[in-house]
Amino acid sequence: IGWPLAELWQGPLATQLGLPSLVRPNDLAPAVLNGNISDIDPHFFLAALTLGAMIEAHTIQRKEQGIEPRFIGDIGFDPLGAYPSDPTLQRQIQEAEINNGRLAMLAITGYALAEYVNHV
């Protein structure tokens, strides 16, 4: 399709395509600070919990097979073989991922606070 998912989940377009709308009638995204978290379908939380459990089960299976993780969070998923074999490059990639994760957490916190302060 090539469309961003956010556009598909907007009210009018989502209704025409039969998809769920993530934006509520008051135009507030589901979030803890604006009180719309209860508007989210409970099946979403069930699906997220199931996905997490599946990942954990996969990790346990790998350990039972004798495949020890090289680092925390290693579930053996690298379909393109992009992870380098050089330990120096591995360390650089790990540090870059940590920094990207930290930046993402700060960004989403900023969005949530801006929504709370501006009531948008």
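## Confidence of the model

pLDDT is the predictor's confidence in each residue, on a scale from 0 to 100. The protein chain has a mean pLDDT of 79, and 75% of its residues reach 70 or more. Where pLDDT is low, the predicted coordinates should not be read in detail.

This is a predicted model, in which local features need pLDDT of at least 70 and side-chain atom pairs count only at pLDDT 80 or more, while totals for chains, interfaces and linings use all residues. Residues are numbered from 1 along each chain as its sequence is written, and side-chain values use heavy atoms, with hydrogens and water left out.

## Secondary structure

The protein chain contains four helices and zero strands; these elements are DSSP runs numbered from the N terminus (helices: H or I, at least four residues; strands: E, at least two). Their order from the N terminus on is α-α-α-α. Of the 120 residues in the chain, 10% are buried, where buried means under 20% relative accessible area, exposed over 50%, and partly exposed in between (1.4 Å probe, protein chains only).

Helix H3 has 23 residues and spans 33 Å from its first C-alpha to its last, close to the 33 Å expected at 1.5 Å a residue. The expected span is 1.5 Å times one less than the number of residues in the helix. Just after H3, Gly-66 adopts a positive phi of about 90°. Helix H4 has 32 residues and reaches 46 Å between its first and last C-alpha, close to the 46 Å expected at 1.5 Å a residue. His-119 follows H4 and has a positive phi, near 55°.

The structure holds one salt bridge, defined as a side-chain nitrogen of Lys or Arg within 4 Å of a carboxyl oxygen of Asp or Glu. The side chains that meet in this contact are those of Glu-95 and Arg-91, at 3.2 Å from N to O. Both residues lie in helix H4, four residues apart, about one turn of the helix. Glu-95 counts as partly exposed because its relative accessibility is 39%. Arg-91 is also partly exposed, with a relative accessible area of 49%.

## The nonpolar surface patch

Val-32, Leu-33, Ile-37, Phe-44, Phe-45, Leu-113, Tyr-116 and Val-117 make a nonpolar surface patch of about 800 Å². Helix H3 (42-64) and helix H4 (87-118) are the elements that give two or more residues to the patch, and H4 gives the most, with three residues. Patches are made of residues with over 30% relative accessible area and no salt bridge; like charges are joined within 9 Å, and nonpolar side chains (Val, Leu, Ile, Met, Phe, Trp, Tyr) within 5 Å. Accessible areas come from the Shrake-Rupley method with a 1.4 Å probe, and for residues only the protein chains shown count as cover.

Tyr-116, located in helix H4, is partly exposed, with a relative accessible area of 45%. Tyr-116 and Val-32 are 84 residues apart in sequence, and their C-alpha atoms are 9.4 Å apart in space.

## The aromatic pair

Rings of Phe, Tyr and Trp (its six-membered ring) pair if their centres lie within 6.5 Å; planes under 30 degrees apart count as stacked, over 60 as edge-to-face and the rest as tilted. By this rule there is one aromatic pair. The rings of Phe-44 and Phe-45 have centres 5.5 Å apart and planes at 70°, so the pair is edge-to-face. Phe-44 lies in helix H3, and Phe-45 counts as partly exposed at 42% relative accessibility.
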